[in-house]
Amino acid sequence: KPSVDGGSNLFIGGARKPWDGRVAEVTSPVFDEATGAKAVLGRLAQMDATAASWAADAASEAWDRGQGPWPQASLKERAAAIRAFLDELEKTKRDEIIEVLMWEIAKTKQDATKEFDRTVAFARTVVDQALQTDATEQFGRWTGVSGVRARVRRGPVGVTLMLAPYNYPLNEMYAMMMPALLMGNPVILKLPAIGALAHVLTIDALQKCLPKGVVNFVSGSGRETLPSVMQGGLVDCLGFIGGSKGADALIKQHPHPHRLKVFSQLEGKNLGIVFADADLDEAVRQILLGALSYNGQRCTAIKLVIAEKSIAPVLVDKLSKAIEELPRGLPWDAGVEITPLPEPNKPQYLAELVEDATSQGALIKNARGGATNGQLYHPALVYPVTPSMRLFHEEQFGPVVPVAEFEQVSEVIDVVKASWNGQQAAVFTSDAAK
């Protein structure tokens, strides 16, 4: 298993700074057979408010109100540095990061490999597209219009604080970080409480390829570290992927929230809508993929299935059989689909949601649904779910598949209109006009 030391040093201002403060063990959701306890994968520094403010200071120094070396570098110079970083990461750390993703957040080898490779491919595409767009922008060069010479250039905003969740710790963070870096913004990365070790493994490549202070890490409790970062007023832009309560709290802590630029991706309760004329076998295949890939721990996962009442029982029966056939096991087991959950309290939370539904008349429709093996939660198919149940509204972010019914399309539309969550939807029908 991996052994990553993120507790002896901080990564701030382009250097590893010795840390003698609090350190936490990083454990896996997989239990060690020899000890009966969760496998220990490494250590992570638990920074306090003072240490977190060092990261903000370093990023602010690199920014220097837009006059620092990184924001003043040309797009081509920044692109070259980022490409060098990606090359170094791919050449020296790919296998280690994939292994850490498997152990720390229980991703299958296929999914962990896909996360790393897709992240690097995305970053390269961002660089390529930025260079191409800069060259083809209508007013990208000095142009005379009606006697006025003008030029349009994309520029940085300033110090950017970024927070990403555990489920795609590398991909989600880099989806925000790469465009920001490319435009010249120094960044502070608040490492997720779970999934941080993958970032620790990037330090050498960052240190080698990027100027000091352009990327800085904050680790430990967000509640302890981030107030000092935000209240200091040095952050110009916030990139946040997570829950709305956390985002709201951070924004309120900034002394000038009116000038804070915010990019956020928050809760979602995505629907899978199944009409009576749908190919139910195909619907089942796609719902399994949409609802239970990586145990349903995806922002884009189907979180609520709403089926036309006349076919709902048949759909549920087919789903029940298909869910029971999904292989359960450890991330490195061949062909495994369902793996342990990284969040320690997630099995209990899912059990509470299911209990709330069953206490109001819903049933667990598959044989092993809701059973647990340590951190392994066997997917639960719950039917029929109604608006009075928590499962109808709350984002479960785990392997529970709630199924509700509708008779009129207007009922589905009302559900969407009443929801405060971000939404996307999958519609299963043989009639495209629907």
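## Second largest pocket

The lining of the second largest pocket splits into 13 nonpolar, 12 polar and 12 charged residues. The model is predicted: local features need pLDDT of at least 70, side-chain atom pairs count only at pLDDT 80 or more, and totals for chains, interfaces and linings use all residues. Residues are numbered from 1 along each chain as its sequence is written, and side-chain values use heavy atoms, with hydrogens and water left out.

This pocket has a volume of about 820 Å³. A pocket is an open set of points on a 1 Å grid over the protein atoms alone, with protein on both sides within 12 Å along at least five of seven lines; a cavity is a set where a 1.4 Å probe fits but cannot get out; lining residues have an atom within 4 Å of a point. Points are joined across faces, edges and corners, and a volume is the space filled by probe spheres set on them. Of the 37 lining residues, Asp-111, Tyr-168, Ser-293, Tyr-294 and Arg-298 are the closest to the centre of the second largest pocket. Helix 5 (109–136), helix 6 and helix 11 (280–292) each give two or more residues to its lining. Helix 5 gives the most, with six. Helices (H or I, at least four residues) and strands (E, at least two) are DSSP runs, numbered from the N terminus.

## Largest pocket

The largest pocket holds about 1,500 Å³ of space. It is lined by 40 residues, and Phe-240, Ile-241, Gly-242, Gly-243 and Glu-343 are the closest to its centre. Helix 9 (222–231), strand 11 (237–241), helix 10 (244–253) and helix 13 (346–358) each supply at least two lining residues. Helix 10 has the largest share, five residues. By class, the lining has 19 nonpolar, 13 polar and eight charged residues.

## Cavity

There is one cavity of 30 Å³ or more. The largest cavity has about 40 Å³ of space. Its lining consists of Phe-11, Gly-14, Leu-206, Gln-207, Leu-210, Pro-211, Gly-213, Val-214 and Val-215. Six of these residues are nonpolar, three are polar and none is charged.

## Nonpolar cores

A nonpolar core is a set of buried Ala, Val, Leu, Ile, Met, Phe, Trp, Tyr and Cys residues joined through side-chain atoms within 4.5 Å. Buried means under 20% relative accessible area, exposed over 50%, and partly exposed in between (1.4 Å probe, protein chains only). The largest core has 62 residues, of which Phe-85, Leu-181, Leu-182, Leu-189 and Val-215 touch the most other members. Helix 6 (residues 169–182) contributes the most to this core, nine residues.

Beyond its neighbours within four places in sequence, Leu-189 is in contact (heavy atoms within 4.5 Å) with Met-162, Met-173, Met-177, Val-215, Asn-216, Phe-217 and Val-218. Another core lies apart from the largest one; its 27 residues include Val-284, Ala-291, Val-316 and Leu-376.

## Cysteines and Val-314

The structure has zero disulfides (pairs of cysteine sulfur atoms within 2.5 Å). Cys-237 is in none, and its nearest cysteine sulfur, that of Cys-299, is 18 Å away. Cys-237 is buried, at 15% relative accessibility. Cys-299 is partly exposed, with a relative accessible area of 25%.

Val-314 belongs to helix 12 (residues 312–324). It is partly exposed, at 41% relative accessible area. Its C-alpha atom is 8.4 Å from that of Leu-280, 34 residues apart along the chain.

Key
Ala, Val, Leu, Ile, Met, Phe, Trp, Tyr, Cys and Pro count as nonpolar, Asp, Glu, Lys and Arg as charged, and the others, Gly among them, as polar.
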